[in-house]
Amino acid sequence: MSAARSARRTNRPALCMFPPHVPGAVPHGDGTRFTLWALGRHAAAVEIEGRGRVELNNLGEGYFGAEVAGVGPGDRYQFRLDDGPPVPDLASRCQPGGNDGPSEVVASDFPWTDQAWAGVERQNQVLYELHVGTFTPEGTWRAAATKLAFLRDLGITVIHVMPIATFKGRFGWGYDTTLLYAPFAPYGTPEDVRAFIDAAHALGIGVILDVVYNHVGHGDHYRAYGDQYFTDGYENDWGASFNYDGENARPVRDFIIGNAVYWVRDFHFDGLRIDAAQAMFDASDEHIIAELTRAMREAAGQRQVYVVVENQPQQHLMIDPPAQGGYGVDAMVSDDFQHAVRVAVTGHNDFYYRDYLGSPQELVSALKYGFLYQGQRSDMRDKAYGTYNLSTPAEHFVHFLENHDQVANSARGFRLATLASPARVRAVTSLLLLGPQTPCLFQGQEFGATNPFLYFLGLEGDEAKAGAEGRRQSVSNFPSVADPVMQERLPYPADPMTFQTSKLDWSEAERHAGMLALHRDLLAMRRSDPAFSQASERRIDGAVIGDAALLIRYFTPDPAGHRLLLLNLGRDLQVGVAAEPLLAPPDGRRWTVGWSSEHPDYDGAGRRQIDPQQFWILPSDCALVFHSEPQP
């Protein structure tokens with residue numbers, strides 16, 4: 001009699017010999033180990049399609065587990081707890097039928113070719129945010145892989161993938177994740193994810209994953225396992241918060257930390273971008289972010305792991321070393337830079353933009369210090385905002401002009417290419433790509449994509465209506481969206497056309513070749529010129545030189561490496577005298593224009609002849625880079 005048949009007959013397989021904190025279905029040899037945690041439940045069983053039901057052993061402290069022989073990759077299963085309805089495995093590695101369907105056993109082996117890949121260092125990275133479902137018309141990992149060479153040639157070094165864990169609905173952004181270990185099936189198989197990452201590494205591109213550990217999304221199955229996964233000790237705007245510091249929190253922490261390690265170990269992701277870290281509430285001696293970051297670094301071995309956090313309070317402790325009580329992550333996303341640029345480009349500062357004027361001084365300060373708010377009062381919040389970061393190195397900040405939130409947080413999901421003139425967009429792009437912080441592009445930004453990126457979530461019935469109403473209330477904080485006519489025209493998140501409209505039109509990459517050339521040239525300059533390198537001995541300073549104009553001075557040990565970046569978003573600026581010392585060239589040298597955002601190659605209006613030693617004009621909506629040359 002086979003072991004599997006014997007197990008079904010006795011309904012009590014041999015005691016699990018693996019650590020109980022490794023959850024889910026793990027195949028090995030001629031069988032599979034099933035493990036779950038459901039504190040307070042008296043019994044648990046696994047029902048395997050075509051094979052029947054197997055009772056799981058009570059391993060103590062809420063864990064249940066068993067070895068089941070004859071079960072392997074491709075077999076589908078569900079759990080039953082106290083004879084309740086069948087539910088998916090919370091640690092399912094694959095959900096072919098979606099959020100509510102059976103789970104599937106998946107092998108973790110893959111023919112990796114990236115053994116020489118060293119991971120992602122903190123300095124000199126260029127990030128690119130993409131959403132697998134809208135990055136290509138097909139919306140799959142395999143289709144996305146065909147664009148990897150394009151991203152390499154553009155100058156991208158790290159791809160930031162929006163969340164891919166399973167969520168309820170036919171499509172969505174992914175931030176309402178429910179089954180954290182299972183890649184969203186419509187994008188492809190777990191093997192397709194691994195193949196994408198392996199191919200990216202072969203081209204010298206790292207891949208980090210956006211994860212949501214601050215709440216659980218619609219239609220979660222955690223309650224079937226018990227309420228101990230969540231805490232009601234904190235207020236969370238998005239949903240139930242995970243229990244990181246209450247009674248019985250250790251297994252919950254292990255579940256989340258295990259997920260972070262799983263992505264690094266089993267998929268070779270190069271790190272994580274942690275969503276809304278401020279909502280990961282934890283009063284433990286070691287914060288959950290610090291612990292999972294440490295665990296990921298240990299799991300990666302010799303590979304370097306890169307961890308980015310979105311943290312609205314802008315807390316310096318995120319990047320502080322653990323030895324100093326910090327969390328030890330590599331970088332924090334800065335909304336301040338985007339908000340200031342957005343106001344400068346569009347002239348609008350309503351709702352959460354009202355703390356920004358878009359002034360040249362704000363732009364200079366954002367490039368010098370990363371965050372604009374470091375403990376001063378915020379009018380939007382009516383309290384002090386941010387923490388002291390004046391001496392924080394630039395590589396600890398991620399700056400951007402567009403991302404999924406900021407594009408979609410409007411009535412119609414317009415991008416900068418739609419909101420501003422091409423000349424103005426070209427000019428401010430230089431601040432992002434030549435600025436000292438780590439830049440991040442949003443999919444299609446590099447070629448001036450004009451299609452909107454909207455909020456979409458393919459739910460049904462009352463859930464879809466509730467999602468649409470929540471979104472309507474959120475964006476209605478912008479006065480223009482409160483217009484009743486605009487209210488009637490807000491895209492419905494559950495409409496498939498809202499999703500389809502958000503897919504990139506790759507023919508624009510050819511039609512907007514000038515914008516694409518500008519991004520490639522700026523990134524090549526950033527890569528090749530030590531003045532723009534985070535690893536060099538350069539330092540920067542800046543000054544306001546007009547009502548809408550500024551300069552950034554790059555100093556290097558060798559005077560030949562000095563650079564000037566000038567930006568003007570106002571009318572033509574006539575420079576007859578220049579009582580600003582940062583405009584002075586090094587001794588025995590002069591400034592010459594080395595790059596202009598108005599170059600005809602970028603579909604610009606052409607370059608003026610400029611000699612800073614004579615009367616000259618800084619054109620409107622233009623950025624210039626000056627090189628330091630010997631005096632003739």
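Colleague: Let's start with helix H9. How many of its twelve residues are buried?

Modeller: Eleven of the twelve are buried, so H9 is mostly covered. To read this, remember that a residue counts as buried when its relative accessible area is under 20%. Please keep in mind that this is a predicted model. The buried residues of H9 include Asp 335, Phe 337, His 339, Arg 342 and Val 345.

Colleague: Which residues does H9 cover, and what distance does it reach from its first C-alpha to its last?

Modeller: H9 runs over residues 335-346 and reaches 16 Å, close to the 16 Å expected at 1.5 Å a residue.

Colleague: What can I look for at the two ends of H9?

Modeller: At the start of H9, look at Ser 334: one of its side-chain oxygens comes to within 3.4 Å of the backbone nitrogen of Asp 336. Just after the helix, look at the backbone angle phi of Gly 347, which is positive, at about 85°.

Colleague: Which residues other than glycine have a positive phi?

Modeller: Asn 248 is one of them, with phi near 60°. Asn 248 sits in the loop between strand E15 (241-242) and helix H7 (249-267). Asp 382 is another case, with a phi of about 55°. Its place is the loop between E19 and strand E20 (383-385).

Colleague: Is Asp 382 buried or exposed?

Modeller: Asp 382 is exposed, since its relative accessible area is 55% and exposed means over 50%. Asn 248, at 35%, is partly exposed.

Colleague: Now for sheets. How do strands of a sheet pair?

Modeller: Strands pair through backbone hydrogen bonds, either parallel or antiparallel. Here is a case to follow: four strands form an open sheet in the order E1-E2-E6-E5, with antiparallel pairing. Strand E1 (24-28) and strand E5 (57-60) are the edge strands, each pairing on one side only. From one strand to the next, the twist averages 25°.

Colleague: How many bridges join E5 and E6?

Modeller: Three bridges, in the antiparallel sense. In E6, Tyr 63 is the bridge partner of Gly 60.

Colleague: How many aromatic pairs does a search of the whole structure find?

Modeller: The search finds 47. Trp 37 and Tyr 63 make a tilted pair, 6.4 Å centre to centre with 45° between the planes. Trp 37 belongs to strand E2 (residues 31-37) and Tyr 63 to strand E6 (residues 63-69), so this pair ties together parts that are 26 residues apart in sequence. Trp 37 is buried at 5% relative accessibility, and Tyr 63 is buried at 10%.

For an edge-to-face pair, go to Phe 371 and Phe 397, with centres 4.9 Å apart and 80° between the planes. Phe 371 is in the loop between helix H10 (360-369) and strand E19 (376-378), while Phe 397 is in strand E21 (residues 397-400), so parts 26 residues apart in sequence are tied together. Both Phe 371 and Phe 397 are buried.

Note on methods. Residues are numbered from 1 along each chain as its sequence is written. This is a predicted model: local features need pLDDT of at least 70, side-chain atom pairs count only at pLDDT 80 or more; totals for chains, interfaces and linings use all residues. Side-chain values use heavy atoms; hydrogens and water are left out. The expected span of a helix is 1.5 Å times one less than its number of residues. Buried means under 20% relative accessible area, exposed over 50%, partly exposed in between (1.4 Å probe, protein chains only). A polar contact is a pair of N or O atoms within 3.5 Å; within protein, one must be able to donate a hydrogen and the other to accept it, and residues adjacent in sequence count only if both atoms are side-chain atoms. Rings of Phe, Tyr and Trp (its six-membered ring) pair if their centres lie within 6.5 Å; planes under 30 degrees apart count as stacked, over 60 as edge-to-face and the rest as tilted. Two strands pair if DSSP finds at least two bridges between them. Axes are lines fitted to C-alpha atoms, for helices over the stretch in contact, and angles run from 0 to 180 degrees between N-to-C directions.
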